[in-house]
Amino acid sequence: MPDIPLYNAVSLHDAIALADIVLEAAATAGASDLHLEPQPKSMRLRMRVDGLMRFLQAPFDHLPASAADALVVRFKLLSNMDIGERRRPQDGSFQWQLQSRKVDIRISSLAGHWGEKLVLRLQWQQQNTQLDQQGLAPTQLTQVRSQLTKPQGLILVTGPTGSGKSMLLYSCLKQLQAPHLNLVSAEDPVEIALPDIHQVAVNTDIGLNYSPILRALLRQDPDVIMLGELRDADSADVALKAAQTGHLLLTSMHTSSIGEAMHRCHGLGVDMLALSYCLSLIVNQRLVRRLCDLCKQPMSAAALEQLSSDMWQAAQADYDGCYGQFNPCIAVGCPSCNEGFRGRFGIFDILVMDQATRELVVERRVDQLDSVAGVRRQGLWRVMSGDTTMDEVNRVTW
Ligand SMILES: [Zn+2]
């Protein structure tokens, strides 16, 4: 890594080099977001890696104000923002290349008490969108694939922000790609550009929200429609009609459980009986960090004993070995990973609709639709197979 002089007057040349170094550091760590956070006399730089925030390595964790200002200007110029505007929020984007890998960067600025904060969302173009790489158990994979072969219906993916819903939707679209099908999507924004799919981004500046896009897409002879998120009554209404009239509709809701999603639909004024007949599959999911294969160590007998609980024992009795032998491990850490973890995978609960589950949906019997316990059980199986840790499962299932 070249030395960057962090002296008071930062030249344009230095600012360009500094931006490249900072992006490269974030990219090498596998960050999804880079935060430039103004402090009283400096700027701190943190990034989100596998869902958790951490500092960039020194000396790029804190920059003097002059270098920070130059960096902010550099990023604003790259993303076509107005560099003179430092008070109103702005958005922009640009593309950046790290060796052979390209990344789409969306950038957002918002002035706070200590100055202007930038957040860069790094969207790698070569992401793993294979359905069988998302973490689904073999039986769940069969269930999802089976529902994707149906010509109409609604597949709903639930989970909080950052639980991997979009990636699952993209992997379903990828699975469906075929010359005999017309695949379209309405998204806010388009996170991963997929070839052969007509993806339309919401643009509120021109009044292009989900419902007008959906209505227009329905006039474009679609077979499969992906709606980024079910979040208002109007688009829910159009989505339901689409799913009833010979289209397969894939969508998501920001809720922590399937029961909560059904309550939200009811709150939006959705006809729950019609919804129950449209729905073919509901997924609830979370993302956990994957233990690094290079440095993880088997758990000691004493530590294993501490894990033992009724739920652990029940999950162990259920575990059919589909993720591998019983070998719980602990995080260690090595130069190839982040504190013992590298990458993430999904843990899931899946509800395939039948007559009994339809009644649960119509009556919104939240206790019986509480899918978090199912997600947690699958998380425990992945602890048993040494893919993640109990702390990770606890962190994402609450
Ligand atoms: Zn490691």
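Hi everyone, let me start with helix α7, residues 258-267, where Ile258, Gly259, Glu260, Ala261, Met262 and Cys265 are buried. Buried here is a count: 20 or more other C-beta atoms within 10 Å of the residue's own, while 12 or fewer makes a residue exposed, anything in between is partly exposed, and the C-beta atoms are placed from the backbone. Helices are DSSP runs of H or I with at least four residues, strands are E runs of at least two, and both are numbered from the N terminus. Just after α7, Gly269 takes a positive phi of about 85°.

Please keep in mind that this is a predicted model: local features need pLDDT of at least 70, side-chain atom pairs count only at pLDDT 80 or more, and totals for chains, interfaces and linings use all residues. Residue numbers run from 1 along each chain as its sequence is written.

Now the overall layout. The chain is divided into domain 1 (12-124) and domain 2 (131-396), with bounds that come from an automatic or database domain assignment. Their C-alpha centres lie 30 Å apart. How many residues of each domain are in contact with the other? For domain 1 the count is 5, and for domain 2 it is 9. In contact means that two C-beta atoms, placed from the backbone, lie within 7 Å.

On to the packing. The largest nonpolar core has 61 residues, and those touching the most other members are Leu156, Leu169, Leu214, Ile225, Leu227, Ala239 and Leu249. Such a core is a set of buried Ala, Val, Leu, Ile, Met, Phe, Trp, Tyr and Cys residues joined through C-beta atoms within 7 Å. A second, separate core holds 25 residues, including Val22, Leu34, Met43 and Val72. Back to Leu227: beyond its neighbours within four places in sequence, Leu227 contacts Ala186, Tyr210, Leu214, Ser235, Ala239, Leu249 and Thr251.

Next, the sheet. Seen in order, β10-β9-β11-β12-β8-β13-β16 make an open sheet of 7 strands with mixed pairing; two strands pair if DSSP finds at least two bridges between them. Because β10 (198-201) and β16 (341-352) each have a single partner strand, they stand at the edges, and one side of each is left without a neighbour in the sheet. On average, neighbouring strands are turned by 20° against each other, direction ignored. β13 and β16 pair in the antiparallel sense over 10 bridges, and Arg289 stands opposite Arg344 in β16.

Two helices lie across these strands. Helix α12 (residues 372-384) lies across β13 and β16, at about 135° to β16. Those angles run from 0 to 180 degrees between N-to-C directions, using lines fitted to C-alpha atoms, for helices over the stretch in contact.

Met384 is found in α12. Is Met384 buried or exposed? It counts as buried, because it has 20 C-beta neighbours inside 10 Å. Apart from residues within four places in sequence, Met384 contacts Gln316, Tyr319, Phe326 and Pro328.

Last stop, Lys296, in the loop between β13 (279-291) and β14 (297-298). Why does Lys296 count as buried? Because Lys296 has 25 C-beta neighbours inside 10 Å. Not counting residues up to four places away in sequence, Lys296 touches Leu291, Cys329, Ile330, Ala331, Val332, Gly340 and Gly386. Lys296 and Ala331 are 35 residues apart in sequence, yet their C-alpha atoms are 5.2 Å apart.
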